[in-house]
Amino acid sequence: VGPAFNDTLTVVDVNGNSNWAVGTVTVIDTIAPMTICMDTTIALGIDGTASITIGMINNGSNDACGIDTLFASQYDFDCANIGDNDVTLTAIDVNGNTSSCISVVSVIDAIFPGVVCGGDTTVFNDSTLCSAFITLEPPVTDDNCSVASVVNNYNGTDNASDSYPVDTTVVTWTVTDISGNISTCQQTIVVIDNEV
């Protein structure tokens, strides 16, 4: 591909007669570049974001005359993008021809939620009962994306305030984030029979 140039064409017939003419030759490139995509997987960080580079989705895109620009339709991802995302890779060659392909960017969240249980509790039984009603604060939780559920094993809800028998009870809290990552913590509840 380049500027037009003149070329001389000479014609000779079978009897030796000849003539010539000057023509203009223009070379153009109408062939689009070859874009070659590859899929990739990225993990969200503690801030709930992740990014890709062109090198993570380009698998050797090329052009006979040279690629001028390669760009993606999306570079940055967050918790809303967990799962498979179609990202378009576009190539523009030095002569303005374009082509594109699709790469699947799989975004995963492998960070476990944080959870801190309240302190252990020791109380006397309620009068005339072999148990005590105890008010427990739920654990403190956090996650790089968001927490989906907080459940205790004593009554199967997100509120462990309940009547506890005379004895030692270990309450296990299970925290699950939106990606299914699970963390746990425990509280020990001791109810002492103080009645004769």
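This is a predicted model: local features need pLDDT of at least 70, side-chain atom pairs count only at pLDDT 80 or more; totals for chains, interfaces and linings use all residues.
1. Two strands are taken as paired if DSSP finds at least two bridges between them. Strands (E, at least two residues) are DSSP runs numbered from the N terminus. On that basis, four strands form an open sheet of mixed pairing, in the order β3-β8-β7-β5. At the edges stand β3 (40-43) and β5 (67-72), each with a single partner strand, so one side of each has no neighbour in the sheet. The twist from one strand to the next averages 30 degrees, the axes being lines fitted to C-alpha atoms and the angles running from 0 to 180 degrees between N-to-C directions.

2. Residues are numbered from 1 along each chain as its sequence is written, and side-chain values use heavy atoms, with hydrogens and water left out.

3. Within the sheet, β3 and β8 pair in the parallel sense over four bridges. Thr-41 has Ser-106 as its bridge partner in β8.

4. A nonpolar core is here a set of buried Ala, Val, Leu, Ile, Met, Phe, Trp, Tyr and Cys residues joined through side-chain atoms within 4.5 Å. Buried means under 20% relative accessible area, exposed over 50%, and partly exposed in between (1.4 Å probe, protein chains only). The largest such core has 15 residues, and those with the most contacts inside it are Ile-42, Ile-52, Ile-57, Phe-77, Val-87 and Val-105. Two or more residues are given to this core by β7 (83-93) and by β8 (98-108). The largest share, three residues, comes from β8.

5. Which residues does Val-105 touch, not counting residues up to four places away in sequence? With contact meaning heavy atoms within 4.5 Å, Val-105 touches Thr-40, Ile-42, Ile-52, Ile-57, Phe-77, Gly-83, Asp-84, Asn-85 and Val-87. Another core, of 14 residues, lies apart from the largest one and includes Val-115, Cys-117, Leu-136 and Tyr-164.

6. Rings of Phe, Tyr and Trp (its six-membered ring) pair if their centres lie within 6.5 Å; planes under 30 degrees apart count as stacked, over 60 as edge-to-face and the rest as tilted. By this rule the count is one aromatic pair. Tyr-154 and Tyr-164 form this stacked pair, 4.1 Å centre to centre with 20 degrees between the planes. Tyr-154 lies in the loop between β13 (147-152) and β14 (162-165), and Tyr-164 in strand β14, so the pair ties together parts 10 residues apart in sequence. Tyr-154 is partly exposed at 30% relative accessible area, whereas Tyr-164 is buried at 0%.

7. A disulfide is counted as a pair of cysteine sulfur atoms within 2.5 Å, and a search of the whole structure finds three. With the bonded cysteines of the protein chain numbered in sequence order, the pairing is 1-3, 2-5, 4-6.

8. Cys-37 and Cys-101 form a disulfide with sulfur atoms 2.0 Å apart; the link is right-handed, with 85 degrees about the S-S bond. This pair links distant parts of the chain, 64 residues apart: Cys-37 is in the loop between β2 (18-25) and β3, and Cys-101 is in strand β8. Cys-101 counts as buried at 14% relative accessibility.

9. Cys-79 and Cys-145 also form a disulfide, their sulfur atoms 2.0 Å apart, and their link is left-handed, with -90 degrees about the S-S bond. Here 66 residues separate the partners in the chain: Cys-79 is in the loop between β6 and β7, and Cys-145 in the loop between β12 (140-142) and β13. Cys-79 is partly exposed at 22%, while Cys-145 is buried at 18%.

10. In the disulfide of Cys-117 and Cys-185, the sulfur atoms are 1.9 Å apart. The torsion about its S-S bond is about 80 degrees, so the link of Cys-117 and Cys-185 is right-handed. Cys-117 lies in the loop between β9 (114-116) and β10 (121-124) and Cys-185 in strand β16 (residues 182-192), so the pair ties together parts 68 residues apart in sequence. Cys-117 and Cys-185 are both buried.

11. Cys-65 is in no disulfide; the nearest cysteine sulfur, that of Cys-101, is 20 Å away. Cys-65 is partly exposed, with a relative accessible area of 40%.
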